[in-house]
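Subject: A structure for you to look at

Hello! Here is the structure I promised to pass on to you. Please open it first, and then read my notes below with the model beside you.

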Amino acid sequence: MAQNHPVCALDPKHVRQLLLLSQEAKKSAYCPYSHFPVGAALLTRDGKIFSGCNIENAAYPLGICAERTAIQKAISEGYKDFRAIAIASDLQDDFISPCGACRQVMREFGTNWAVYMTKPDGTYVVMTVQELLPASFGPEDLQKTQ
């Protein structure tokens, strides 16, 4: 079921590790309002993995998704170059897909890295950030003159 993208494809060992760690991270989700736990595992170019979960808040807009939690943890530790992220939820019939805000945050750090969208049974589809957010706006656009 996996789709390969030569530029950002991972070896099976890294894929299994990311899938497992995203499922583990989901267990830490704080989601008393939506009851929709999500976990993420982010792989840097250096091989370091950062996990994250969704964290809700009674003031709803202040909640944060698992993907952004993992990215912010990595950035706060000095990592900005990513190879892949895996996302896990309890959805049985659909692969979990990142929201628009998460796609834009991912885009900040490049377009050619892999996003593994999973189901609890371990199956997944993989797309690049570019495929998830085509015709995107990024840091280089701020340098363009009119």
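Contact here means heavy atoms within 4.5 Å. Helices (H or I, at least four residues) and strands (E, at least two) are DSSP runs, numbered from the N terminus. Buried means under 20% relative accessible area, exposed over 50%, and partly exposed in between, using a 1.4 Å probe and protein chains only.

Please keep in mind that this is a predicted model: local features need pLDDT of at least 70, side-chain atom pairs count only at pLDDT 80 or more, and totals for chains, interfaces and linings use all residues. Residues are numbered from 1 along each chain as its sequence is written, and side-chain values use heavy atoms, with hydrogens and water left out.

**Helices α2 and α3**

Which residues of α2 are buried? In this helix, residues 66-76, they are Ala66, Glu67, Arg68, Thr69, Ala70, Ile71 and Ala74. Glu67, Arg68 and Ile71 of α2 meet Ala101, Cys102, Val105 and Met106 of α3. The axes of the two helices, α2 and α3, come within 9 Å and cross at roughly 25°. That makes α2 roughly parallel to α3. Axes are lines fitted to C-alpha atoms, for helices over the stretch in contact, and angles run from 0 to 180 degrees between N-to-C directions. Angles under 35 degrees count as roughly parallel, over 145 as roughly antiparallel, 65 to 115 as roughly perpendicular, and the rest as oblique.

Also in α3 you will find arginine 107, which is buried, with a relative accessible area of 6%. Leaving aside residues up to four places away in sequence, arginine 107 touches Val129, Leu133, Ser136, Phe137, Gly138, Pro139, Glu140 and Asp141.

**The nonpolar cores**

A nonpolar core is a set of buried Ala, Val, Leu, Ile, Met, Phe, Trp, Tyr and Cys residues joined through side-chain atoms within 4.5 Å. The largest one has 20 residues, and Leu42, Ile85, Met106, Trp113 and Val115 have the most contacts inside it. At least two residues of this core come from each of β1, α2, β3, α3, β4 (114-118) and α4 (129-132). The largest share, four residues, is supplied by α2. A second, separate core has 12 residues, including Leu18, Leu19, Ala86 and Val126.

**The cysteines**

How many disulfides are there? A disulfide is counted when a pair of cysteine sulfur atoms lies within 2.5 Å, and by this rule the count is zero. For cysteine 53, the closest cysteine sulfur is in cysteine 31, 8.5 Å away and too far for a bond. Cysteine 102 is in no disulfide either, as the nearest cysteine sulfur, that of cysteine 99, is 3.7 Å away. Cysteine 53 is buried at 10% relative accessibility, and cysteine 102 is buried at 1%.

**Backbone angles to look at**

Most residues other than glycine have a negative phi. Histidine 35 is not a glycine, yet has a positive phi of about 55°. Histidine 35 sits in the loop between α1 (12-26) and β1 and is exposed, at 61% relative accessibility. Alanine 135 also has a positive phi, near 50°. You will find alanine 135 in the segment after α4, exposed at 80% relative accessibility. Just after α2, glycine 78 takes a positive phi of about 95°.

Enjoy exploring, and write back with any questions!
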